[in-house]
Amino acid sequence: MRSVHWLASPVMALLAGGLQALALADPWTGQAHWWLQLLSLAWLVWQLAQGLARPRAWLASDWGQSDTGGWRHGLLRGWLFGLGWLTGTFWWLFISMHTYGGLAAPLAVAAVLALAGLLAIYYALAAALFMALASLRRPWLSALAFAALWTLAELLRGTLFTGFPWGASGYAHVDGPLAFLARYVGVYGLGFVAAALAALLALTPRMRWGNARSLAGIAVLLALGAGLWGWRHCELDPARCGMASPSQPALLTDVALLQGNIPQDEKFVPGTGIADSLRWYGEQLRDNQAALVVAPETALPLLPEQLPEGYWQALVERFAGPGQAALLGVPLGDMETGYTNSVVGFKPAQAQPYRYDKHHLVPFGEFIPPFFKWFVRMMNIPLGDFARGGVGQASFEWQGQRLAPNVCYEDLFGEELGARFIDAARAPTAFVNLSNIAWFGDSVAIDQHLHISRMRALEFERPMLRATNTGATAIIDHRGVVTQLQPRLTRGVLRGQFEGRTHVTPFARWVARAGLWPLWGLCALIVLVCGARRRA
C-alpha cells in the first residue's frame with residue numbers, strides 16, 4: 001500500500017501542533033497570530049484528508065499498514081498535534097515544578113509531557129471520529145463535522161476534571177478579524193468558526209470548482225472575511241473610518257494597580273519576601289490617592305491574624321474616610337472552616353470588609369486531586385488544599401461601579417464569570433483580576449494570560465483591570481484593547497482610568513442562563529447529522 005505524503009507524516013503533525021502553540025503568543029513579541037492558527041490547523045486537516053483519500057483500514061492489525069488510512073491515521077495525528085500544541089503552550093509549568101517546587105528536572109519534564117499527552121487524547125478522538133464522518137465528496141459538510149468535533153474536544157478539555165482550557169485555539173484570534181464574534185459566541189464558538197475555516201482551507205483543493213455553489217460559497221466567505229476585517233479595524237479606530245467617536249462615558253473611575261515584583265522564591269519566606277511584601281504594599285495602600293487601589297493575589301501573604309499588630313486595623317481605618325476604596329488579595333480562614341484564596345475590599349461606611357473567595361482552584365497548587373498526594377509531597381510548594389467560594393458571588397460596589405473580582409486563572413472560565421450576568425441590573429460593570437504568576441518566571445505565560453483577559457473583555461464588553469505580582473499588570477478596555485501596561489518584572493504602580501459598562505452582550509445573556517450547553521448541543525447535533533449523511 002502506498003505510504004502517505006511526507007508532509008502528512010506523524011512528525012509533521014507534531015510540528016503543526018507546535019505552530020498552533022506559537023500562534024497563541026510567540027515568545028519574541030508576545031503577540032497572538034490568528035493566521036498561523038488557521039494555517040497550522042488547516043495543515044492537520046490536510047494530513048487527515050490524505051488518509052481519507054486512501055482505503056480505510058478499520059480492522060487492520062498492522063499499525064504501519066493502517067496508518068495510511070482510517071481511524072488510526074486520524075488518532076495518531078490528532079494526538080501528536082495535540083501533544084505539540086499543548087506542550088508548546090504550557091511548557092512553563094516546568095518552571096513552577098522544578099525551579100520553585102524543587103522537583104527533579106527529568107520528573108518535571110515528564111509531568112509536563114504526561115499532562116499534555118493526556119489532554120491530547122481529546123483531540124486524538126476528534127480526529128479519529130472525523131475520519132469516520134468525513135467525505136471528500138462533501139467538503140463543506142466535512143468542514144462542519146471537523147469544527148464540531150474539534151469544539152467538543154475543546155469543551156471536554158475545558159470542563160472535565162475541573163477543566164484546564166489554557167491555550168484554547170480561539171485565543172489566537174483576540175486581534176484577528178474574527179474577534180468581534182466573541183460577544184456573540186464566546187471563545188469556544190469563535191474556535192468553532194476558526195476550525196471550520198481551517199478545514200475549508202485544507203479541503204478547498206477537493207472542491208468541484210465547476211460547481212456554481214462551491215464558487216458562490218468561496219466568494220461569500222472571502223467577502224465576509226474582508227468585511228469582518230474592516231469592521232474590527234473601524235471598531236478599534238472609529239475616527240480613521242470616518243465614524244463618530246463614542247460620547248463622553250458616564251462611569252469613569254481612577255484606579256491604581258500595584259505590582260510588587262516579589263520574587264517567588266522569597267514570597268512566603270519570613271524576614272525577606274513576607275517583610276518586603278508587607279512594607280511595600282502597606283506603603284502603597286497608605287499613600288496612593290486613586291479612587292480605587294488594587295493589590296494582586298496574596299499581596300499580603302499572611303492571614304489577617306498573623307499580620308503585625310495594628311496592620312489590618314490600619315488598613316480598615318485608612319479606607320474608612322471618603323473618596324477611596326481598595327481591593328487586595330489575602331488568604332483567609334482557619335483550620336475549622338478551611339482556608340480560602342480571597343479578595344478583601346475596603347471602602348467607607350461598610351459594616352464589614354467585602355469578601356470574595358476564589359471558586360476555581362488550581363490543581364496541585366490550591367487543591368490536591370484524588371490519588372496525587374504522593375506527587376505533591378515530591379515538591380516544596382507552600383500551598384495546599386483550599387476551600388472553594390461559590391459561583392456568581394456579589395460584586396464590590398464603588399462609585400457607581402460593580403466590580404467583579406476573579407483570582408489568577410479564574411478569568412479562563414468565561415462561563416463562570418457569566419453567572420454574574422443573570423440579573424442585568426446587578427451585572428458587573430468591570431472585571432478585576434488579581435494574579436500571581438511569578439510561579440512561571442519571565443515566560444510566555446504572562447502574555448498568554450493577558451490575551452485570556454482580553455478575550456473575556458471582548459465576550460462581555462467589560463473592562464478588565466489586572467493587578468499582578470510580576471505581570472501583566474494592565475488596564476484593558478471593553479474592546480479588549482490594552483490601554484495601559486506596566487512593564488513586566490518591575491516594581492511600580494500603574495495609574496489610569498477605566499470606563500464601566502452596563503449593557504449585556506448576547507454571549508453574556510445565554511451563557512448566564514445555560515452555561516456552555518448550547519455549544520455542546522449544537523456540536524453534537526452537527527455530528528449526528530454528518531453521521532446520518534455519511535451513512536446515506
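Predicted model: local features only at pLDDT ≥ 70, side-chain atom pairs only at ≥ 80, totals over all residues.
Strand β4 covers residues 338-346. Seven of its nine residues are buried, that is, under 20% relative accessible area, so β4 is largely enclosed by the rest of the structure. Strand β4 pairs with β3 (residues 325-334) in antiparallel fashion, and a hairpin of three residues connects β3 to β4. Within this pairing, Pro331 has Asn341 of β4 as its bridge partner. Strand β4 also runs antiparallel to β5, which comprises residues 354-357. There, Val343 is bridged to Tyr356 of β5.

**The six-stranded sheet**

A further group of strands forms an open sheet of six, in the order β6-β7-β8-β9-β10-β11, and its pairing is mixed. The edge positions are taken by β6 (396-398) and β11 (482-485); each has a single partner strand, so one side of each is left without a neighbour in the sheet. On average, neighbouring strands of this sheet are turned by 20° against each other, direction ignored. Within the sheet, β9 (residues 464-468) and β10 (residues 474-476) run antiparallel, and Leu465 stands opposite Ile475 in β10.

| Strand pair | Bridges |
|---|---|
| β3 and β4 | nine bridges |
| β4 and β5 | four bridges |
| β9 and β10 | three bridges |

**Helix α8**

Helix α8 comprises residues 182-203. A straight helix of 22 residues would span 32 Å at 1.5 Å a residue, whereas the end C-alpha atoms of α8 span only 26 Å. The helix bends by about 80° at Tyr188. Of the 22 residues of α8, 17 are buried, so the helix is largely enclosed by the rest of the structure.

**Cavities**

Empty space inside the model was also examined. Rolling a probe the size of a water molecule over the atoms shows where such space is left. The search of the whole structure finds five cavities of 30 Å³ or more. The largest cavity holds about 110 Å³ of space. Its lining includes Tyr356 and His359, the run Gly390, Val391, Gly392 and Gln393, and also Asn406 and Glu410. Glu416, Leu417 and Arg420 likewise line the largest cavity.

Technical notes:
Residues numbered from 1 in each chain as written. Heavy atoms only, no water. Pairing = 2+ DSSP bridges. Helix = DSSP H or I, 4+ residues; strand = E, 2+ residues; numbered from the N terminus. Axes fitted to C-alpha atoms, helices over the stretch in contact; angles between N-to-C directions. Expected span 1.5 Å × (residues − 1). Bend = angle between axes of the 7 residues up to and from the residue. Buried < 20%, exposed > 50% of the residue type's maximum accessible area, 1.4 Å probe, protein only. 1 Å grid on protein atoms, 1.4 Å probe; cavity = no way out; pocket = protein on both sides within 12 Å on 5 of 7 lines; lining within 4 Å. Points joined across faces, edges and corners; volume = space filled by probe spheres on them.
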